[in-house]
Amino acid sequence: MPEHVKMLREIERDMMRMQKPLLDEYQIEEIERQICEAMEFAQSVKLTFWRDGFTYDEIGRVHYLEPIHKEVRLKTELGTISRIKFAGIIAVEVIE
């Protein structure tokens with residue numbers, strides 16, 4: 001029975017997955033601009049990113065842009081550093 005329950009949970013999780021939203025060139029440029037501006041003026045941002053079929057939100061300040069690994073390093077409110085791949089970011093909201 002435990003295997004059956006586990007399989008049902010996996011099926012339910014797979015049904016909840018969604019495809020990554022496709023962004024056009026303008027949207028990508030706007031995301032880049034907002035991230036750079038937030039880093040320059042030390043503003044808090046809410047990054048919405050897609051990973052494995054689900055979207056997640058992370059709030060903090062942009063600490064560093066890593067060009068080699070193409071990721072944003074975000075210092076969260078708890079003081080931890082989150083690494084978010086730029087290709088996964090689907091929305092940015094500057095928090096005033």
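Is Leu8 buried, partly exposed or exposed, and what is its relative accessible area? In this predicted model, Leu8 has a relative accessible area of 44% and is therefore classed as partly exposed, since the class of partly exposed residues lies between the buried class, under 20%, and the exposed class, over 50%. The residue is found in helix α1, which spans residues 2-16, and it belongs to a nonpolar surface patch that also contains Met7, Ile11 and Met15. Together, the four residues of this patch present about 420 Å² of accessible area.

The overall architecture of the chain comprises 2 helices and 5 strands, and the order of these elements from the N terminus is α-α-β-β-β-β-β. The radius of gyration of the chain is 16 Å, whereas the globule rule gives 12 Å for 96 residues, so the chain is more spread out than a compact globule. Along the principal axes, the C-alpha atoms occupy a box of roughly 55 × 35 × 30 Å. Of the 96 residues, 27% count as buried.

Charged side chains were next examined for pairing. Side chains of opposite charge can pair when their charged atoms come close. In the chain, the count comes to 6 salt bridges, where the rule asks for a side-chain nitrogen of Lys or Arg within 4 Å of a carboxyl oxygen of Asp or Glu. One of these salt bridges is formed by Glu93 and Lys46, whose closest N and O atoms are 3.8 Å apart. This pair links distant parts of the chain, with Glu93 in strand β5 (residues 89-95) and Lys46 in strand β1 (residues 44-51), 47 residues apart. Glu93 is partly exposed, at 43% relative accessibility, and Lys46 is likewise partly exposed, with a relative accessible area of 24%.

Strand β1 also holds Thr48, which at 16% relative accessibility counts as buried, because this value falls under the 20% limit. Thr48 and Glu93 are 45 residues apart in sequence, while their C-alpha atoms are 8.3 Å apart in space.

Further pairing involves Glu71, whose side chain meets that of Arg73 in a salt bridge with an N to O distance of 3.6 Å. Both Glu71 and Arg73 are buried. The side chain of Glu71 also meets that of Arg83 in a salt bridge, for which the N to O distance is 3.6 Å. Because Arg83 lies in strand β4 (residues 81-85) and Glu71 in strand β3 (residues 71-76), the pair ties together parts of the chain that are 12 residues apart in sequence. The two partners fall into separate accessibility classes, as Arg83 is exposed, with a relative accessible area of 52%, whereas Glu71 is buried, with a relative accessible area of 8%. Through salt bridges that share partners, Glu66, Glu71, Arg73 and Arg83 are joined into one network.

Strand β3 also contains Leu74, which has 0% relative accessibility and thus counts as buried. The C-alpha atoms of Leu74 and Cys36 are separated by 12 Å, the two residues being 38 residues apart along the chain. The loop between β3 and β4 is the place of Thr80, a residue with a relative accessible area of 42% that is classed as partly exposed. Between the C-alpha atoms of Thr80 and Gly60 the separation is 9.4 Å, and these residues are 20 residues apart along the chain.

Conventions. Residues numbered from 1 in each chain as written. Predicted model: local features only at pLDDT ≥ 70, side-chain atom pairs only at ≥ 80, totals over all residues. Heavy atoms only, no water. Patch = residues over 30% accessible without salt bridge, like charges linked within 9 Å, V, L, I, M, F, W, Y side chains within 5 Å. Areas by Shrake-Rupley, 256 points an atom, 1.4 Å probe, with all protein chains shown as cover. Helix = DSSP H or I, 4+ residues; strand = E, 2+ residues; numbered from the N terminus. Buried < 20%, exposed > 50% of the residue type's maximum accessible area, 1.4 Å probe, protein only. Rg over C-alpha atoms; globule rule 2.2 N^0.38 Å.
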